[in-house]
Amino acid sequence: MMSQEQNDRLTRVGKGTDGGALLRMYWQPAALSDELVSARPVVPVRLLGEDLVLFRDNRGELGLIGRHCPHRGADLCYGRREDDGLRCPFHGWHFDRTGQCVEQPGEPEGSRMHENIRAVSYPVVERNGVVFAYMGPGDPPAFPALDCFAAPDSHVFAFKGLWECNWLQALEVGIDPAHASFLHRFLQDEDPAQAYGKQFRDKAGNTNMPMTQLLREYPRPEIRVEATDYGLRLISLRHMADGRSHVRVTNQIFPAAICIPMSNEMTITQWHVPVDDETCYWFAMFTSFGKPVDKSLMREQRMKEHRLPDYAPLKNRRNNYGYNPDEQASLTYTGMGLDINVHDQWAVESMGRIQDRTQEHLGRTDVAIMKHRRKLLAAMKAVKEGDLAALPMRGAVGEVEAIRGPVSIDAIGETEGWEALWPEADRARRAGSSWAA
């Protein structure tokens with residue numbers, strides 16, 4: 001069990017908190033590029049407890065500044081987008097994308113007061129459909145050469161979803177390999193040929209067995225966790241009755257992302273980003289090693305489960321996540337439909353807005369969760385002591401940029417020698433990739 005003080009340190013993200021200070025040392029997804037595809041590309045963003053506004057200026061450059069005008073607090077999301085910035089409709093104060101006030105048209109002629117007025121602003125960059133923000137001190141860290149960033153835009157699809165819980169419990173469901181055999185258990189198997197864009201629906205490895213069947217029939221994985229330069233590598237071994245083993249390799253990318261196989265062709269790199277202490281977004285980048293992603297189909301699939309503009313799921317605690325006891329008896333383990341995001345959402349939201357970890361009892365299958373929490377606490381201590389060189393994913397020049405992958409794959413082969421099975425499967429997939437993977 002964990003103390004209340006430790007739980008607070010891990011989950012609280014506002015300014016002045018240890019957790020918030022750590023997360024601000026890394027690039028965080030702030031919005032989807034799709035959210036800015038309109039005649040007026042201005043959207044509200046709430047990130048790490050701060051209210052901001054993201055916009056493209058008239059030249060197409062991105063700005064992320066404080067949402068409330070430094071004059072008297074009016075909402076700049078309704079600002080006039082003109083003159084390469086946003087102008088507050090209240091008194092006409094004009095701000096560029098750095099947050100600098102460049103004009104106060106109602107002030108006396110010749111006034112230079114605007115030179116001393118600056119809204120909060122943060123650096124932003126776009127990567128394959130996601131706008132990332134850096135909210136920490138000093139220069140932002142480099143971007144690693146993860147597959148989701150290295151792939152061409154045509155091979156990456158980005159989406160997000162709102163969950164009503166703390167970011168950490170949302171992340172931890174992704175580094176819990178045992179839950180897939182239960183929470184995502186399907187009592188009937190679908191045709192893998194109809195699996196495009198769906199998690200756990202492809203064939204398992206190089207067999208004809210549906211992944212859903214394998215997870216259902218082998219619910220006790222042997223789990224190994226290895227420290228890496230990007231965070232943690234999780235290896236889940238399901239030893240099959242015919243003498244072979246299924247090897248599933250997933251990853252925790254420090255501090256707040258995971259990378260997992262979606263199918264034999266695609267991986268998912270997913271961040272869990274605090275809106276505030278009690279709400280988060282997951283941002284997923286689906287990366288194809290084969291054909292270009294059918295973005296229209298994947299968006300259509302996900303928009304059946306979400307609403308705009310906040311990307312909130314249609315199934316939620318207010319309608320019992322669509323729970324159907326008849327379905328639970330015959331079709332799915334949860335009775336909550338076929339979208340596994342809903343299963344995960346129920347699991348993490350049902351813990352409460354912030355999970356009370358003083359009451360939990362972790363088992364051996366929770367080894368990655370325990371290791372990641374220790375890494376977080378150690379990193380918070382390093383930030384507090386100013387030892388930024390000790391932080392994962394913030395190494396010396398060239399180190400972070402050299403981080404690639406990570407390998408996320410399912411493979412099946414002989415149990416003896418399984419250690420070589422997944423690297424070889426990854427090499428074969430990359431060798432056959434339609435881009436320089």
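Let me begin with a term: a residue is called buried under 20% relative accessible area, exposed over 50%, and partly exposed in between, with a 1.4 Å probe and protein chains only. Strands are DSSP runs of E with at least two residues, and they are numbered from the N terminus. The model is a predicted one, in which local features need pLDDT of at least 70 and side-chain atom pairs count only at pLDDT 80 or more, while totals for chains, interfaces and linings use all residues. Residues are numbered from 1 along each chain as its sequence is written, and side-chain values use heavy atoms, with hydrogens and water left out.

Next come the partners of β16. Two strands are said to pair if DSSP finds at least two bridges between them. On that basis β16 pairs with strand β15, residues 244-253, in the antiparallel sense over 3 bridges. Within this pairing, isoleucine 253 stands opposite alanine 257, and asparagine 251 has cysteine 259 as its bridge partner. A hairpin through 3 residues joins β15 to β16.

Strand β17, residues 266-276, also runs antiparallel to β16, and 5 bridges join them. Here cysteine 259 has threonine 269 of β17 as its bridge partner. These two strands form a hairpin as well, with 4 residues between them.

Let us now consider β15 itself. How many of its residues are buried? The number is 9 of the 10, so β15 is largely enclosed by the rest of the structure.

β15 pairs in the antiparallel sense with strand β14, residues 231-239, over 9 bridges. In that pairing, glycine 231 stands opposite isoleucine 253. The hairpin formed by β14 and β15 has 4 residues between the strands, and in its turn glycine 243 has a positive phi of about 95°.

Finally, β15 and strand β20, residues 409-414, pair in the antiparallel sense over 6 bridges. There, arginine 244 stands opposite glutamate 414 of β20. Thank you for your attention.
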